[in-house]
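Student: Could we go through a structure together, so that I learn how to read its features one after another?
Tutor: Gladly; here is the model to look at.

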Amino acid sequence: MPAEVAPLRRKPVQQRSAQRVEKMLAACAELIDEVGYDGLTTTLIAERAGVAVGSLYQFFPDKRAVVQELTLRNLDRFVRTVSARFDQLELEHWWDAVDAVFDVYLTMHREVPAFSRLHFGDVVDLRLLDPGKDNNAVIAEKLVGLISEEFGIDPQRLALPLAVAVEAADAVLHMAFRRDPAGDPALVAEAKEMVRGYLSSRIPEN
């Protein structure tokens, strides 16, 4: 990631330092599930991680930076998991790829600590992932790269449609998780159908 995006004050070099950072991130995720972002403090993170507050400040300037690093790692996990899913499945059509993206997102929402609260950072900052772009724009760009490579579609043709699809799906999925912590099945199905119908008129047939 670009240097200006990286929230770490310094990158841990020694294994012991790296383990401390991992403990801080795990503690941050647990606490967000328990008290939310507003209730989160650096003191709570340090106490839960079993480190001194001064140790936390060696790597992070504030709680926002800890959450930003956690969210960036979730983004990396999302992209790597989607890419792996593309490799595992026999994707005959771009829609199969879109369906896989939905499934990965839903699984992370249900299983990854703090993801259901943070998503990709909008609760903290609409530009948490990249100061120059909205969070959804970052997600859309990642998906453009994955889908264009998988199906040999010109990324320029995908850019705008996927940006719109991500925004629309994000809104409906938020609604689905407001109604049901696991994601209201009817609304999830509506989100998939909405995206499929829209993209069918924008993306060339494979």
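The dialogue below goes from the overall fold to single residues.

Student: Before anything else, what kind of model is this?
Tutor: The model is a predicted one, and every value that follows is computed from it.

Student: How many helices and strands does the protein have?
Tutor: One counts the elements and then reads their order along the chain. Here there are nine helices and zero strands, so that, helices and strands being the elements numbered from the N terminus, the order reads α-α-α-α-α-α-α-α-α.

Student: Which radius of gyration does the protein have, and what does a compact globule lead one to expect?
Tutor: The idea is to set the value against a rule based on chain length. For 206 residues a compact globule would come near 17 Å, and the protein, at 18 Å, agrees with that. The C-alpha trace spans about 55 × 35 × 30 Å along the principal axes.

Student: What share of the residues is buried, and what does the accessible surface come to?
Tutor: Of the 206 residues, 46% count as buried, while the accessible surface of the protein comes to about 10600 Å², with 49% of it belonging to carbon and sulfur atoms.

Student: What share of the contacts joins residues at least 24 apart?
Tutor: Here one looks at the separation in sequence of the residues in contact. Among contacts between residues at least 6 apart in sequence, 65% join residues at least 24 apart.

Student: How many aromatic pairs does a search of the whole structure find?
Tutor: The search finds five aromatic pairs. One of them joins F78 and F120, whose rings are 5.3 Å apart centre to centre with 65 degrees between the planes, an edge-to-face arrangement. Since F78 lies in helix α4 (residues 63-88) and F120 in the loop between α6 (115-118) and α7, the pair ties together parts that are 42 residues apart in sequence. Both F78 and F120 are buried.

Student: Why is the pair of W94 and W95 edge-to-face?
Tutor: The angle between the planes decides: the ring centres of W94 and W95 lie 6.3 Å apart and their planes stand at 90 degrees, so the pair is edge-to-face. W94 is buried, as is W95.

Student: Which residues form an aromatic cluster?
Tutor: F78, Y105, F115 and F120 form one aromatic cluster.

Student: Where is A114, which has a positive phi although it is a residue other than glycine?
Tutor: For such a residue one reads the angle together with the place and the accessibility. A114, with phi near 75 degrees, is found in the loop between α5 (94-111) and α6, and at a relative accessible area of 0% A114 is buried. H119 is not a glycine either and has a positive phi of about 55 degrees; H119 sits in the loop between α6 and α7, and its 12% relative accessibility makes it count as buried.

Student: Is G152 buried or exposed?
Tutor: The cut-off for exposed is over 50% relative accessible area, and G152, at 68%, is exposed. G152 lies in the loop between α7 (135-151) and α8 (155-179), and its C-alpha atom is separated by 37 Å from that of V66, 86 residues away along the chain.

Notes
Residues are numbered from 1 along each chain as its sequence is written. This is a predicted model: local features need pLDDT of at least 70, side-chain atom pairs count only at pLDDT 80 or more; totals for chains, interfaces and linings use all residues. Side-chain values use heavy atoms; hydrogens and water are left out. Helices (H or I, at least four residues) and strands (E, at least two) are DSSP runs, numbered from the N terminus. The radius of gyration is taken over C-alpha atoms; the globule rule is 2.2 Å times the number of residues to the power 0.38. Buried means under 20% relative accessible area, exposed over 50%, partly exposed in between (1.4 Å probe, protein chains only). Contact means heavy atoms within 4.5 Å. Accessible areas come from the Shrake-Rupley method with a 1.4 Å probe; for residues, only the protein chains shown count as cover. Rings of Phe, Tyr and Trp (its six-membered ring) pair if their centres lie within 6.5 Å; planes under 30 degrees apart count as stacked, over 60 as edge-to-face and the rest as tilted.
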